[in-house]
Amino acid sequence: MAVWALGINHHTAPLDMRGRFAFALDQIAPTLQGLRASLSHAGRAHSAVETAILSTCNRTEIYCAADAPAMDHTMHWLANSGGVAPELLRQHSYLLQDGSVARHAFRVASGLDSMVLGEAQILGQMKNAVRAAETAGALGTTLNQLFQRSFAVAKEVRSSTEIGAHSISMAAAAVRLAGQLFEDLSKIRVLFVGAGEMIELVSTHFAARNPRQITIANRTMERGEKLAAQFGAGTMRLADLPEHLHEYDAIISCTASTLPIIGLGAVESALKKRKRRPIFMVDLAVPRDIESEVKDLNDVYLYTVDDLATVVRTGQAQRQAAVQQAEVIIDTGVQSFMQWMDQRNPVGGAVSLIQQVNAQADEWRALEIARAKKLLAKGEDIDTVLEALSRGLTQKMLHGTMAELHKGDAEERAQTADTVSRLFLRASRNPSKL
């Protein structure tokens, strides 16, 4: 069984590109069926193909498992769904296979690959994606095992490290930016467009500052009223937005609309009615809820999810030690998953094992080189970078060995110690044979 993943995220693709590949939760089931049918036509048995899609404001990722990989076909399928050329998508995406898929999924679930380092919301979003795939009948044993292990690793990272400490959420960042524009948030009127999880988070943070007025605008009044009741807020229909936009000093929007719902003309009209008093706007939706041209208007301060990146990175330096601890937990999880995969696919004997060892070593090497390049780009001293690279690579190489030395009873530990001695200590006495 082969496992592969194709994705774009905030590291690889700009906001508008990510918007082309965003899938609402109610779109996931038919989209998964379409992908499975497409893969079956490419030569994979439909019933044997497993698929899942994770789609958030920061990423869209497709996870697949089948008897044989179909990575190029998956790339063409996703490019077609977003209306772009496969070559363009390839420039902004990443393709992963087997162990690399597991490592990536574990890092995503643990919040290590998020714009807000250590944020916990992504874990809930992954669980929603898994439930959607399961409901659609697209989840099989392999992907289910991958995701359940992702959740277990994320739980261990969360409980064993301080990865979530010092983090600033998107919601808190929005309030902080508003506070830079308005001296007293208790004097402003705030409009929230949408009533989903993200709006609930942001509205909770704003409500804590006791603004003069809070209004929830949503397509479904029942859902909007339910959220408004938590804060004693008013409600509004989306259709009434244009005529009331000028009444609000801060507007935060996050809906599942595929097209902008707040246009340039509506904001220009609102500014005239406000006699050029500034409007603070945050667009947390992907695709955009607010037309991008609005950002060019004087007296409008518009921020997107990507614009909040600098704010949410505050405190990241303090969490680097926790990141290293988390990576060790993830390494162990990856090894365990690959062992499970090997047990289900016992092929190749020693040749297969050698290939796997080489592939794992190459993956570790590539990861440490990438980190070293980032440090050099930041101006770090080359000796310091080399020291970090060698230490990181050594830790990865020896972590599994050290863990095995502490496992089992006395007899098992003695056997393991003898094997480790033969592999490392005796070999090191004859370096010409290395």
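Trainee: Which residue in β3 does Ile8 stand opposite?

Mentor: Ile8 stands opposite Thr60 in β3. This is a predicted model, in which local features need pLDDT of at least 70, side-chain atom pairs count only at pLDDT 80 or more, and totals for chains, interfaces and linings use all residues. Residues are numbered from 1 along each chain as its sequence is written, and side-chain values use heavy atoms, with hydrogens and water left out.

Trainee: What makes β1 and β3 paired strands?

Mentor: Strands are DSSP runs of E with at least two residues, and helices are runs of H or I with at least four, numbered from the N terminus. Two strands pair if DSSP finds at least two bridges between them. Eight bridges join β1 to β3 (residues 59-66), so the pair qualifies; the two strands run antiparallel. β1 also pairs with β4 (residues 94-97) in the antiparallel sense, over four bridges. In that pairing, Trp4 has Gln97 as its bridge partner.

Trainee: Why is β1 called mostly covered?

Mentor: Eight of the eight residues in β1 (residues 2-9) are buried, a term for under 20% relative accessible area, with exposed over 50% and partly exposed in between (1.4 Å probe, protein chains only). In a regular strand the side chains alternate between the two faces of the sheet. Here Ala2, Trp4, Leu6 and Ile8 are buried on one side, and Val3, Ala5, Gly7 and Asn9 on the other.

Trainee: What makes Arg59 and Glu61 a salt bridge?

Mentor: The term requires a side-chain nitrogen of Lys or Arg within 4 Å of a carboxyl oxygen of Asp or Glu. The closest N and O atoms of Arg59 and Glu61 are 2.9 Å apart, so the pair qualifies. Arg59 is buried, at 3%, and Glu61 is buried too, at 1%.
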